[in-house]
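Here is a short note to read beside the model. Keep the sequence and the 3D view open as you go.

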Amino acid sequence: MPDLAQVTEHIRSAVGDNSGLGKTVKLDLGDEGKIFIDGASTPNTVTNEDKPADATVSIKWDDFLALSEGKLDPMMAFMQGKLKIAGDMMIAQKLAPLLKR
């Protein structure tokens, strides 16, 4: 099972220099930590800082892993309350391709 550092690095490589997000997104993974994607900066950056973001996606670590492996559908996770989004929901929808492993 990957740890936060491995997941952060994977997202960093998926985001690259220009993810096309144009905004900031924070993944709040509970006790495991946070991943902050700055899609507004050039080049884009991905860190484990806890900063304010245009959208915050809150999800438990196990559910996040299931989501990234394709075992959990993002829409079902949202409807079941396993995935919560605060802020700009449209940005959160652009995240899906970046989170796949």
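1. **Ground rules.** This is a predicted model: local features need pLDDT of at least 70, side-chain atom pairs count only at pLDDT 80 or more, and totals for chains, interfaces and linings use all residues. Residues are numbered from 1 along each chain as its sequence is written, and side-chain values use heavy atoms, with hydrogens and water left out.

2. **The sheet.** Strands here are DSSP runs of E, at least two residues, and helices are runs of H or I, at least four, numbered from the N terminus. Two strands pair if DSSP finds at least two bridges between them.

3. **Pairings.** S1 and S2 are antiparallel, over 5 bridges. Asp28 has Lys34 in S2 as its bridge partner. The two strands form a hairpin with 5 residues between them, and Gly30 in the turn has a positive phi of about 65°. S1 and S4 pair in the parallel sense, over 4 bridges. S4 and S5 run antiparallel, joined by 5 bridges.

4. Contact means heavy atoms within 4.5 Å.

5. **Thr56.** Is Thr56 buried or exposed? Thr56 counts as buried, at 17% relative accessibility. Buried means under 20% relative accessible area, exposed over 50%, and partly exposed in between (1.4 Å probe, protein chains only). Thr56 is found in S4. Thr56 touches Lys26, Asp28, Lys84, Ile85 and Ala86, not counting residues up to four places away in sequence.

6. **A surface patch.** Met75, Phe78, Met79 and Met89 form a nonpolar patch with about 400 Å² of accessible area together. Patch residues have over 30% relative accessible area and no salt bridge; like charges are joined within 9 Å, nonpolar side chains (Val, Leu, Ile, Met, Phe, Trp, Tyr) within 5 Å. A salt bridge is a side-chain nitrogen of Lys or Arg within 4 Å of a carboxyl oxygen of Asp or Glu. Areas come from the Shrake-Rupley method with a 1.4 Å probe. Helix H3 (residues 74-79) gives the largest share, 3 residues. Phe78 is partly exposed, at 32%.
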